[in-house]
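Visitor: I am new to this structure. Please show me how to read a few of its features.

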Amino acid sequence: MLDQITAEIIIKETVKKSIISYTKKQKNKKRKFQVLDLIIPKEREIRSIVGGLETSLGKTLWEPLAKSLASKNGFEVIESDLKCPNNMPSRLNNTLQNIIEDRISDNPTYDATQSHDELKKVCQYFINNPIDSFTKAPRGFGVDICLKKDSVNYFFDTKTVQPNIGRLTTCMKQILNWYSYFYSKEPEGTAYARIVFPYNPYQSANFWDKVIG
């Protein structure tokens, strides 16, 4: 288990590396003209760099930081992508779609745990009838951070700390698809999938009390 001082060192070094790496790339990048270049060119350039850094934090900061901290805590960092069946079997696809439709209804039958358990249950069919062809997950359904420890697989994706209701619905679909992909290939395995909001922008207030929807 990491001690606080070691964790702080890793965090500081990862943040520095992320910002320096991003700004170096921006120096050699050809900027597109915007009308504000005629009015406040210096401020426009600074805002462009800062805005780009904000949107790139998922790949340049949160993911490397999570992987670095995890590796120091005994987790294996899996660099290979989570693949999905080349042709999703109808029994699995029907179950997946039924759960998604139920979860977005006003009175859902399934909660998060039941959704996971039902998908794993239907995938037990593939123990004796394995799927022989897998491919890269569709755009938007890849996994940013894959970890493994004590034979348990962990799938994480970092998201903006100010999500709207549409984004939260997409997050739910992501997690359910990850479970479908994983258990269709490893029906006897164990997986935990989570969406990560890397910090609380509301300070002492409860994060979930402030999230829309």
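Predicted model: local features only at pLDDT ≥ 70, side-chain atom pairs only at ≥ 80, totals over all residues.

Visitor: Let us begin with salt bridges. How many does a search of the whole structure find?

Guide: The search finds three. To qualify, a side-chain nitrogen of Lys or Arg must be within 4 Å of a carboxyl oxygen of Asp or Glu. Take Glu13 and Lys16: their closest N and O atoms are 3.7 Å apart. Both residues lie in helix α1, three residues apart, about one turn of the helix.

Visitor: Which salt bridge links distant parts of the chain?

Guide: Look at Lys67 and Glu79, which meet at 3.6 Å, N to O. Lys67 sits in helix α2, while Glu79 is in the loop between β1 (76-78) and β2 (83-85), 12 residues away.

Visitor: Are Lys67 and Glu79 buried or exposed?

Guide: Buried means under 20% relative accessible area, and exposed means over 50%. Lys67 has 19%, so Lys67 is buried. Glu79 has 60%, so Glu79 is exposed. In another salt bridge, Asp157 pairs with Lys159 at 3.3 Å, N to O. There, both partners are buried.

Visitor: What should I look for in phi angles?

Guide: Most residues other than glycine have a negative phi. Now check the loop between β4 (145-149) and β5 (152-158), where Asp150 lies. Phi of Asp150 is positive, near 50°. Ser151 lies in the loop between β4 and β5 too, and its phi is positive, near 70°. Asp150 is exposed because its relative accessible area is 68%. Ser151, at 60%, is also exposed.

Visitor: Last, the surface. Which residues make the nonpolar patch?

Guide: Val35, Leu36, Leu38, Ile39 and Ile40 make it, and it covers about 490 Å². Val35 lies in the loop between α1 (4-27) and α2 (41-72). With a relative accessibility of 55%, Val35 counts as exposed.

Methods:
Residues numbered from 1 in each chain as written. Heavy atoms only, no water. Patch = residues over 30% accessible without salt bridge, like charges linked within 9 Å, V, L, I, M, F, W, Y side chains within 5 Å. Areas by Shrake-Rupley, 256 points an atom, 1.4 Å probe, with all protein chains shown as cover. Helix = DSSP H or I, 4+ residues; strand = E, 2+ residues; numbered from the N terminus. Buried < 20%, exposed > 50% of the residue type's maximum accessible area, 1.4 Å probe, protein only.
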